[in-house]
Amino acid sequence: MEKIHLENIIKSIILGLFIGIILQFSDNTNIKFSYRVLAILASGCVGFFIGLVTEWLTAILPISMANARTYFFINNLIALIVTTVIMMSLIIITNSEMVKKGEFISVLLIVLGIICLANLSDYMMYRRAQNKLRKFKAMIKDTKY
């Protein structure tokens, strides 16, 4: 449990809320504003659950895979699989007609695309921080001598 990153779970909640907002803007049906807000909050809850499961699965991976690039790739892959399974489960449980209309694939592609972009930007921010740290260490090393 100590290997689970709480920060990543919080990022998943925020990402879930963001995805909910994007999906509400892409939906052209005429429904009440309160239902749209509830859908966004439900999306945040789903994001929390996806983040929790993804972090738990990533935490049980062996330490030999502790390479940053491998970690981000596996974390993204697990997030995509968990998201797909949860979205398909929600569609089956609610007996929605989205599957019949084919809208499910477009919504799934939007969600998975946003998740991939978020994980890629998270990896790029990690690499940028590592480069700054490396430059700072080199600068300190040069000033000592």
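Me: In which helix is the place of Arg134?
Reply: This is a predicted model, where local features need pLDDT of at least 70 and side-chain atom pairs count only at pLDDT 80 or more, while totals for chains, interfaces and linings use all residues. Residues are numbered from 1 along each chain as its sequence is written, and side-chain values use heavy atoms, with hydrogens and water left out. Helices are DSSP runs (H or I, at least four residues), numbered from the N terminus. Arg134 lies in helix H5.

Me: Where is confidence highest in the protein?
Reply: pLDDT is the predictor's confidence in each residue, from 0 to 100. The protein averages 83. Helix H4 (residues 98-101) is lowest, at a mean of 59. The highest value, 87, belongs to helix H5 (residues 103-144).

Me: Is Asp122 buried or exposed?
Reply: Buried means under 20% relative accessible area, exposed over 50%, and partly exposed in between (1.4 Å probe, protein chains only). The relative accessible area of Asp122 is 19%. Therefore Asp122 is buried.

Me: Which residues do salt bridges that share partners join into one network?
Reply: A salt bridge puts a side-chain nitrogen of Lys or Arg within 4 Å of a carboxyl oxygen of Asp or Glu. Lys11 pairs with Glu7 at 3.5 Å, N to O. Asp122 also bridges to Lys11, with the closest N and O atoms 3.0 Å apart. The network is Glu7, Lys11 and Asp122.

Me: How far apart in the chain are Asp122 and Lys11?
Reply: Their salt bridge has its closest N and O atoms 3.0 Å apart. It links distant parts of the chain, Asp122 in helix H5 and Lys11 in helix H1. The separation is 111 residues.

How values were computed:
Helices (H or I, at least four residues) and strands (E, at least two) are DSSP runs, numbered from the N terminus.
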